[in-house]
Amino acid sequence: MKKLLALVLAFVMLFSLAACVSPSVAPEPAAPEEQAEPEKEEAAEPAEEAEAEGEAEAADSELADGKFAETRHITVEIYDRNNDGGSDPTNNMYTEYIKNGMLEKHNVEVEFVAVPRWTEVDDINTHLAAGTAPDICVTYSYPTIKAYADMDAVINLRPFLDEYKAELPNLWNWLGETNLYWDSDPNDGTTWAIEAKLANMNRVITFVRKDWLDALGLEEPATKEQFHDMLVAFKENADTLLGDDADKIVPYSVSFDVGWRAATLIESFLDPDMSDKEYYVNGFDDRKLTQNGTKEAVRLLNEWYNEGLMWDDFALYGSGDTTEDDMMKAGYVGAFSHNWDYPWRGGDDSIAANLKRLVGEDAKYIAIDPFEDKNGGHNKFLAGPIDRKVFFPITNDEPLASMLYLDFISDPETIQFLQIGEEGVTHNVLDDGAIEIIAATGDAIQNSGMNIDYTITCNGLHLLTDELTNKSLAHTYAGIDPEDVLRANEIAKTDTRVGINVQAGDIEAEGGVGDTLSSKRDQVYDLAVKAAEGEFDAVWDEGIADYLSSGGQDIIDERTAAWDAVYSSENIR
Amino acid sequence: MDRGGKRVYQMARTRKNAVPGKKTGSAYFRRYYQLYLLLLVPLLYLLIFKYIPMWYIMIAFKKYSIVSPVIDMKWAKNHGFEYFIKAFRSKDFIVALKNTITLNLLDLVCGFPVPIIFALVLNEIRMKRFKKAVQTITYMPHFLSWVVIYGLALQLFAPSTGYVNLLLSRMGWKTIDFLGTSRNWVRTYIGLGIWQSFGWNSIIYLAAIAGISPELYEAASVDGAGRFQKMWHITLPGIRSTIIVLLIMALGNIIGSGFDRPFALQNNLVMDRAEVIATYVYKAGIKGSQFSLTAAVGLFQSVVNVIFLLGANWLSRRFGERGIW
């Protein structure tokens, strides 16, 4: 009996172990070998385009009226935001729409692969290594794609874009050469990714508590000095504003990500007329750390910090932490700078909605534009009309079907449906024809604002006509006064300078250092804002020196050389 | 079982001496194959998860490609040592190495004696119920993840909202920035580490103490030894070999470190002290896709750890202790 038991036990353990191990281990040695073959073909540089063209022609004959003769199957990455009470990102009203549309129009079966939003890069890494990456991948990080491309893990999209231009009318109409060729190599045209279009380029603006201004009889600040006086007034009158919670007041809140969360202030210190070259050379970091003028902006923040006008603990809470949002929701924060629509994001759980519930009907944030630049304007640097990057991993054996997917998802009608859903379910049509978004339930819940996760070639409201888009923009936030939204939109579009695409080729020094440098950047900002009085210069200079010697200087030098090699003047525009 | 095994083994030996041949070995095996079958499972585990992955150490010497098998990847420059050279030229790696050693040494110096002292003290407590309660309470933090502990630390120590600082400021004292300056952060880091682990680590010492023969204590009492004398002359020597073994293992980990503790506790203000090799590898390697570089760093770390382990073991044997092997 004992023997039998031992035997059974041993086998059970063995099998359970085998069962645990096999799915993760078994494909590993097998999969890369399978992939190695096509990868070599693709990687052989001179043969590459001819090869792809050959493939393309072969596939072309199978396309009749944009439809494959035999049903094809592709997989598409979709962010899983894991929202409380959200819908299944791989199976809901919108995925059904896409699946049916693709099947009808192109005879392509679409399967969605959920990837956690906040660990997307790690997850795609794993998928790529295991040979299970979705055919269409999306990420915000071009350096990641570049790193994959250097490992021969990405398909060159250029031949498909050019060869099938006629089959991809919507894609070409919507993105055009600007976005499709944005990442193309200036020498051989190699294109590892195409850039989604930022339909609404609004970036960071500043918000202030309207009811606090009213309570203290203050005007909206129009200059840095007035803004500072306002913060001081908030602090001195904390008892009036917050009563028992007076010690919790935060006149101006900035998170650990100072470069983003004080962007308007920082940009007001930069020269609005700086040359394209200067902007590009110092522009590896989108938080403007190495631009000329940033130091003075942070010095001002440091003064405010030492006057007790800012959040003491800002550097201790990392990305994704909700502590600061909670303070805003509870009504402790007087002013902050953030994405132009930040207080209204999240429907019922938005900052605005919570503020109304917890503090009172008239408690709300309004947009202001208080940071004047040296010309008296309100300089705001925008990034350029680009957003997420779409790429095909080398394991994609249906590049044409995948391209047709991108075409389908760029169809204005598809975009409109994904963004506003069905009438009566996710939106109402107002008297003037404008679309008003209403809170949806069940299958129709949008896990991301305006379904940005599905419209992978488009970020921002984009309806069939511009007129409709503009009319509706103010109504896209359920329960928010449209006037407030229009005002924020107007401020976000004041005195902007749109980023241009500098096609100076790859900068080798940028490879693999992105994350190291962005965490260094945050450290420099945080330490400098928190520096004791009189120590600011030392702290800032030491931090910048560290940043530059960790690779920042190499990038600046290489960018300077690359610019000089391609352009003859300091400006492109 | 044990005794039976011994007997059979002896039988097998004697028989083997008498008639050398295969038969005896197979008889032994036929009788005990189930035990070997059971052993197969952990052996397989070791093979699959500990030995097969060693093949991938090659990544440290090759130019990593995410899609091709290791064997097909190209060799790195400088006879494969490109990434080692790169690591040692990198300022960040040197800082991380320095921090790892500093934090681990501090952990060792401050943290190692605590569970021993605690076990000694606990051993002297006669009230069983109290003893049990204390033990349970001190074990508890061991089961908390570091992310949770950082959450607790923020609740307690954050400059403006932490309870400790609220208390300090209400009593009219100056608040202390426990997490925001490098010096204080190191103290908090070490303190939290000790708090989290001393209860748990004391278990092994308590077990060793339980193994000391009570007759020794009785004899000492008869000779008129007091409590402290008994502690010093009986308990401590009784657990000396346990202490040595644990010390060797701790030394073997002097430039290794867990990932979650430093990663959960670090913040932007203290990175000059808080970046350790594990977190550096994660940031530069996993997030920056520099897999070869970080494989090289990891390999270096392991080799140094083994050297320390062997060194500590050799030292302890020189001083007349048993060592680990």
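Reader: Hey, how far apart are the C-alpha centres of domain 1 and domain 2 of chain A?

Author: In this predicted model, those two centres lie 31 Å apart.

Reader: Okay, and which residues belong to which domain of chain A?

Author: Domain 1 covers 68–200 + 387–463. Domain 2 covers 204–381 + 499–566.

Reader: How many residues are in contact between domain 1 and domain 2 of chain A?

Author: On the domain 1 side there are ten, and they are in contact with twelve residues of domain 2 of chain A. The domain 1 side divides into six nonpolar, two polar and two charged residues.

Reader: Let me zoom in on one residue. Where does A:Ala199 lie?

Author: You'll find A:Ala199 in a loop of chain A, between strand S6 (194–198) and strand S7 (204–209).

Reader: What is A:Ala199 in contact with, if I skip its neighbours within four places in sequence?

Author: Then A:Ala199 is in contact with A:Cys458, A:Asn459, A:Gly460, A:Leu461 and A:His462.

Reader: And is A:Ala199 buried, exposed or partly exposed?

Author: A:Ala199 counts as partly exposed, because it has 19 C-beta neighbours inside 10 Å, while buried takes 20 or more.

Reader: How far is A:Ala199 from A:Val529?

Author: Their C-alpha atoms are separated by 34 Å, and the two residues are 330 residues apart along the chain.

Reader: Switching to chain B. How do helix H15 and helix H16 of chain B cross?

Author: The axes of H15 (residues 277–287) and H16 (residues 291–318) come within 8 Å and cross at roughly 165°. That angle is over 145, so H15(B) is roughly antiparallel to H16(B). As for handedness, H15(B) passes H16(B) in a left-handed crossing.

Reader: Which residues make the contact between H15(B) and H16(B)?

Author: From H15(B) you have B:Ile277, B:Val281, B:Ala284 and B:Gly285. H16(B) brings B:Phe291, B:Leu293, B:Thr294, B:Val297, B:Gly298 and B:Gln301. Sorted by type, the residues of this contact are six nonpolar, four polar and no charged.

Reader: Last topic, the two chains. How many residues does each of chain A and chain B put into their contact?

Author: Chain B puts in 34 residues and chain A puts in 44.

Reader: Which elements of chain B give two or more residues to that side?

Author: Those are helix H2 (22–51), helix H4 (91–111) and H15 of chain B. H2(B) gives the most, with seven residues.

Reader: And how does the chain B side divide by residue type?

Author: The side of chain B that touches chain A has 18 nonpolar, eleven polar and five charged residues.

Technical notes
Residues are numbered from 1 along each chain as its sequence is written. Chains are lettered from A and ligands numbered from 1 in the order in which they are written. This is a predicted model: local features need pLDDT of at least 70, side-chain atom pairs count only at pLDDT 80 or more; totals for chains, interfaces and linings use all residues. Domain bounds come from an automatic or database domain assignment. Two residues are in contact if their C-beta atoms, placed from the backbone, lie within 7 Å. Ala, Val, Leu, Ile, Met, Phe, Trp, Tyr, Cys and Pro count as nonpolar, Asp, Glu, Lys and Arg as charged, and the others, Gly among them, as polar. Helices (H or I, at least four residues) and strands (E, at least two) are DSSP runs, numbered from the N terminus. A residue is buried if 20 or more other C-beta atoms lie within 10 Å of its own, exposed if 12 or fewer, and partly exposed in between; C-beta atoms are placed from the backbone. Axes are lines fitted to C-alpha atoms, for helices over the stretch in contact, and angles run from 0 to 180 degrees between N-to-C directions. Angles under 35 degrees count as roughly parallel, over 145 as roughly antiparallel, 65 to 115 as roughly perpendicular and the rest as oblique. A crossing is left-handed if the near helix is turned anticlockwise from the far one by less than a right angle, and right-handed if clockwise.
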